[in-house]
Amino acid sequence: MQRILVIRLSALGDFVQSFAPFAAIREHHRHDSVTLLTTAPFVELAWASPWFDHVEVDSRAPWYNLRAVMAMRGLLRRYDFIYDLQTSRRTTRYFHLSGHDAWSGIAPGARARHDNPQRQAMHNRARQRDQLRRAGIAEVPEPDLSWLAAYGPRLPGPYALLVPGTSPRHPVKRWPVERFAGLASRLWARGLRPVVVGGGADAPLAAAISAACDATLDLTGRTSLLELGGLAARAAVAVGNDTGPMHLAAAMGAPCVVLFSRAGDPALSAPMGCRPGQVRVLWARDLATLHIDRVAAALG
């Protein structure tokens, strides 16, 4: 039995887009021990999944912390083969710490190096599939996420997930909250209860939406990733910015309308659904110019 390590540190959208690779690696190594190296926000989700026997946490300690670096060196050297799905500068340095070439990633010298010159022009999902193909995993099918759909509250009546937030570092990715508020009222008029999700920092956005539509349910900061997955699986539709929860909603099969600004390229990173037509992407250089009628029309 081999000891296999998979590295995927962050962020939520990237983690979700690795669900299929996770499942493919698990199937390829079904008789081996598979461990995930990730960061703290994804530990609960990783343990609940059927893909890993063990989960290790990377605190991403600074490189001058020699004790932490040596601990990471020791961890990496326990494994017979490592799949680096993060393929960042940090994790490429982990290749050198590992002390061997039994590695799938972008590091020069890796046995299964992903050296496709077009990799930066490929969508995240296509890039990971190509990387795994180079490592001997030819098939990366859509994963079974029924285990994740079982989580979260069962809300009465049909509802629509609204995701008005984004990373604080990318405010340009936000559709104006007053547009989300207007959309919430339209959804309620159609018989869909607006349910706002996101982190605790998104609570002011949810409050603004609730002020315009008092039927809105504010769940910002109140759901784990597992619970968010279940909520998305049962949603009639999800509408939101280019941010992690929309990737999760798409993976869980919810019909999605995803709003992209000049800060993102849908060809490289748009959420991928489970079936044709499930995900619609609306792009506007400046999201302030994206009219509510266009978003409402995309909902059908």
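Reader: How many positive and negative side chains does the protein chain have, and how far apart do the centres of the two sets lie?
Author: The protein chain has 35 positive and 24 negative side chains, with the centres of the two sets 4 Å apart; Lys and Arg count as positive and Asp and Glu as negative, while His and the chain ends are not counted, and the place of a charge is NZ of Lys, CZ of Arg, CG of Asp or CD of Glu. This is a predicted model, in which local features need pLDDT of at least 70 and side-chain atom pairs count only at pLDDT 80 or more, whereas totals for chains, interfaces and linings use all residues. Residues are numbered from 1 along each chain as its sequence is written, and side-chain values use heavy atoms, with hydrogens and water left out.

Reader: Which share of the residues counts as buried?
Author: Buried means under 20% relative accessible area, exposed over 50% and partly exposed in between, with a 1.4 Å probe and protein chains only; by that criterion 54% of the 300 residues are buried.

Reader: Why is one side of strand E3 and of strand E6 left without a neighbour in the sheet?
Author: The open sheet has 6 strands in the order E3-E2-E1-E4-E5-E6, with parallel pairing. Strand E3 (54-57) and strand E6 (112-113) stand at its edges, each with a single partner strand, and therefore one side of each has no neighbour there. Strands are DSSP runs (E, at least two residues), numbered from the N terminus, and two of them pair if DSSP finds at least two bridges between them.

Conventions: Helix = DSSP H or I, 4+ residues; strand = E, 2+ residues; numbered from the N terminus.
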